[in-house]
Structure formats: C-alpha cells, structure tokens
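Hi,

Here is the model I promised to pass on.

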Amino acid sequence: MFAATAVFLLLFPAIFTLPFPQHIMIMIFLYATLAQSWNLIGGYAGQVSLGHAVYFGAGAYTSSLLLMKWGLSPWLGMLAGAGLAAGLSLIIGYPCFRLAGHYFAIATIAIGEIAQISMVNWKGGGGAVGLYLPILDESFTNFEFHSTKVPYYYIALGITAIVFLVTYLIEKSWLGFYFRAIKGDLDASRALGINVPKYKSIALAISAFFTAVAGTFYAQYILFIDPESVLPLMLSILICLVAILGGVASVWGPFLGSVVLVSLSEYTRTYLGGGGKAIDLMIYGGLIVLIARFQPEGLMGMLKKFR
Amino acid sequence: MALLQVNDLTKRFGGLVACDRVSVEIQEGEIIGLIGPNGAGKTTLFNCIAGFYPPNAGRVTFAGQDITSLPPDRVCQLGIARTFQVVKIFKDMTVLENLMVGGFVRSLNTRKVHQEAMETLNFTGLTEKRDMLGGSLTIADKKRLEIARSLMTKPRLLMLDEAMAGLTQKETQDALELIHKLHEQKITLFLVEHVMEVIMPISHRVVVLEYGKKIAEDVPEKVSNNEEVIKAYLGDKYHASRRAH
C-alpha cells in the first residue's frame, strides 16, 4: 500500500502532464506539510496553536527578503527562515505555554494578528503591497521554474516526504512518547521526569521549522507574497483543520486531510468560479462538524475501523 | 543517614496551614505508612516532597541532597517516584506505552526501554493487558499501571498515594502482594492509606497527621493504641476491635 502510493506519486507528473492536476498535487503537498508540522505540536503534544501562519510568513518573508536585498539563494533563505521561525517559536512559546487549553489557542491567535499587522505596516518588508519576487532564470539553484510545474512538484514531494519521515521517527522515539504524555496528563508527565516546558518548546520549534520551510516554498512557487496571503488567521485555522479532519497524532492523517481539503477547494474554485468562493470552506466546516460528532479520530480513525 | 529527611516542612494555602512543621525521616529499605483523617495534609506532604508544591518553610533532603522546591521532573530524575490519589494514567496510550514514557527518564534508547517495560509488565502482572488502552482498564489495574509506570523511572523511594483505596478484598490482596515484591526489590516505600487494616501490618513505622500537624510516629501496634490517634482518627470502633483480638 505504501509502496504503491510512493510509486504513484513519483510517476504522477508523467501520467498527468497538464499543469492543473500537477498544481493540485503541489497544493496537497503544501497543506500536508503544514498540517503535519502542526500535528507535532497540536496533535501529538496537544497544544492547539491557531497562529501557525506566523511561522509560514516568517519562512516566506525571510527567504524572499534575503533574495531581494542580498541575492541570497532561496535554498539558504529557506534554512534561514526555518531557523528564524524556530527561534521565534521559542520566544512565543515561553509566555504562551504558561496558558492551558483554550487560553493557549487564544494567545496564539493574538500573536498571529500582531505579526500580520506588523508586516502590513513595515514598509521595508513590502508593507500591505507585498513583495513581487524577481523573475530569475529557470534553475534548481534559483528555485524558480516558469515553463513547467514538474520541478515544483518534485520539490514539494521531497519536502513532504522529509516532514513525514521526521514525524514518523519522532513518533517512534522518546520525543513522540513525551509529546503524547504531555497531551495526556501534565501532572503525570512531570512526575515521570518530563520537563514539560522544555518538551513543549521542542515540539513547537520543530513544527515552526517545517512550517517556515513550506512558507519559502510557497513564496518561490507563487512568486508573490503579502500579509494577506501568507499571514492570515484563516491560514492558521486551515492548517489546524486539515490535521483534525485527517486525524491528529497520526502520521498519515494530515496527508489524507490535505487530499480532501485541497481537492475540494480547487475544484469548487474551478467549477463555481468567483461565485463559489468560500463554498469549499462551508463544505469543509460541515465535514469538521460531522467528524467532531461521529469520528473524533478523523479520517484515519474511520479507515482503521474498516480494516 | 536517612534516605529521605523532611525537616519542619510548612505549607500554607492562604489562611489554611495544610502542613505545619512536619518532620519525617525514612531510612533506606523501610516501609513507612502515613495516615490521618481527610484533609490532614497527607497528599500535601507528598506534593511538597515530590516538588509539585514549593513549601513555605522547611527542608526536604533526599540521599544527602537538598531537594526543597526542585521541580517534579528533577525530583523524579533523582530517584523519587509517586502515584496519584486520583489515578493519572495516559488513557489514550496503551499499557505498554504508559510504561515506556516512564522509562525514558533513564535511557533514550527506545529498544532498551521497550525491553525494560516488558520486564516490568511481567513483574507487575500486566503482561496480558499490555496492548489495552490505559483508559479501558479497571480501577485496580489503573492503580497497578501507575505503580508499574513509576517503577520504570527506577526509583529509590516510591510514594504511593492511596494505592489500595476503592479496591475489592481480592484486589487489595493482590496490591499488597505487589507492595511486598517492591519491598523485596529494596525499594523504600512511603504509603498514604485509608484502609487501616491494610497499612498497619505492612508498615515498619506509621506517621499520623491531623490538621497538618504530626501527632504521632511509631510502630503500628503502638500507634493504634495511642489515645490521641484513636481520638483523632481511628475512632472507638477500631480501638474496640483491636482490643477484642
């Protein structure tokens, strides 16, 4: 099953040569990466963050600005952005992790809003107008491809594969056990020698790191970013919903959630045009209600039952 | 030198003095019982020793090291494990996974921890239930699971907070057997217990708290004949039944 999926994903651009299906797959990979990153802190460690757009934006802005101001390769910018996001997450986590449950979620929303408003007002970072990335020659080094989406497809696939592999390894290691323990019971975790703030920070930093990697990818793929596209609250919520729909604290859940969400939104957008705006989210919201009511483990939980 | 030494520990919650200059000394290998009426400060004392509450005054020394006000994870790393009065198992993790969480404080090697968890499951008689979710166990098994999970941290001192409360006669016997096995493993035990018939025969010494103060500390026979203790806690009925023997 796993091997078949892998082969299919590798051969996909050869079978579906039109840009549209390739674009859909790229968006699926993007959201799968985001949801999986979120899954580490929100799913495994149980700390529901509704401010992940901050890290996405940090990745997108850092690599874009470094490229535009100093001509730094977006690949290095990607690492710089990811590092910055991880550092930022430590600063954000320090006060926020003192809050439990809903209060933590609310604090992360507030921080997301602060980030968006700051970027709107920071002229040096493009302000509300945003940044148009320079059009460079097509090459892997430049991280820009204009004639075909295929290289983007494989880069996105690669990033997704890495994030999924990292999650899998974390799940099997002490980190995964500690994250789940923290989600399960704080007092018991502390009594068993777990430094709770430290491990929450680790989960958030890894999560922020990969969220920022996805942010850089997005910037290089769309070649335009502004606070409205990379820092909105809606993005933070979507990231979290994809993971919940697919099934939190499972390696494959975020991928499944992403397949459903992205197909839904891209097809409603295509077939209903501007008039269909937000219909995907209405359907999606309905799905979330059904999932929460009947299958709290998400689509993965449903699959397990059929097995 | 005592393994655990509590000197004049005081813990206040607002105007309430939950522990009032309590001193306790526990030697390596002992089984010490801690009893007292509801609200006497037993669990508070546990929480202060284990680092869950910082005491307002007093000192806690473990194996010669001052551990007063250390956070719980540090206290655990130094060799004190505890269970909770209201069980706190990881209900969405299997029994085996619950144990493994405890093991990682001593080693980060998943395979080694898995191996140790299997041995501890065997030791505590939970092997057959290893794949069940923690939340689906009976209360007796949950309490057993908490003990097994604590053992994974390789404690020198294990503090059990009402490990036998709410168990049936048979389950209590099984729990007692486990406690005897722990004692044979040279683990020092500090037990809070309400079931008098259970704690008296197994404890080397019993400490009695009332309104936060230590009112007695002695071998079980003497404690159960101590007039003040009888008045405070045991009641005339228990006193009478002791005399009838």
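T17(A) counts as exposed because it has 11 C-beta neighbours inside 10 Å (the cut-offs: buried means 20 or more other C-beta atoms within 10 Å of the residue's own, exposed means 12 or fewer, partly exposed is in between, and C-beta atoms are placed from the backbone). You'll find T17(A) in the loop between α1 (2-15) and α2 (19-44) of chain A. Its C-alpha atom is separated by 35 Å from that of G83(A), 66 residues apart along the chain. Helices here are DSSP runs of H or I with at least four residues, strands are runs of E with at least two, and both are numbered from the N terminus.

Before you go further: this is a predicted model, where local features need pLDDT of at least 70, side-chain atom pairs count only at pLDDT 80 or more, and totals for chains, interfaces and linings use all residues. Residues are numbered from 1 along each chain as its sequence is written, while chains are lettered from A and ligands numbered from 1 in the order in which they are written.

On confidence, the model scores ipTM 0.91 and pTM 0.92. Chain B has a mean pLDDT of 92, with 95% of its residues at 70 or more (pLDDT is the predictor's confidence in each residue, from 0 to 100).

Now the interface. The contact takes 22 residues from chain B and 17 from chain A, where two residues are in contact if their C-beta atoms, placed from the backbone, lie within 7 Å. On the chain B side, α2 (72-78) and α3 of chain B are the elements that give two or more residues.

As for the fold, chain B has nine helices and 10 strands. One open sheet of four strands runs in the order β2-β1-β4-β5 (chain B), with antiparallel pairing; strands pair if DSSP finds at least two bridges between them. β2 (16-26) and β5 (65-66) of chain B are at the edges with a single partner strand each, so one side of each has no neighbour in the sheet. β1 (residues 4-13) of chain B pairs with β2(B) over seven bridges, and L9(B) stands opposite V22(B) in β2(B).

Finally, 45% of the 245 residues of chain B count as buried, and its C-alpha trace spans about 55 × 40 × 35 Å along the principal axes.

Cheers
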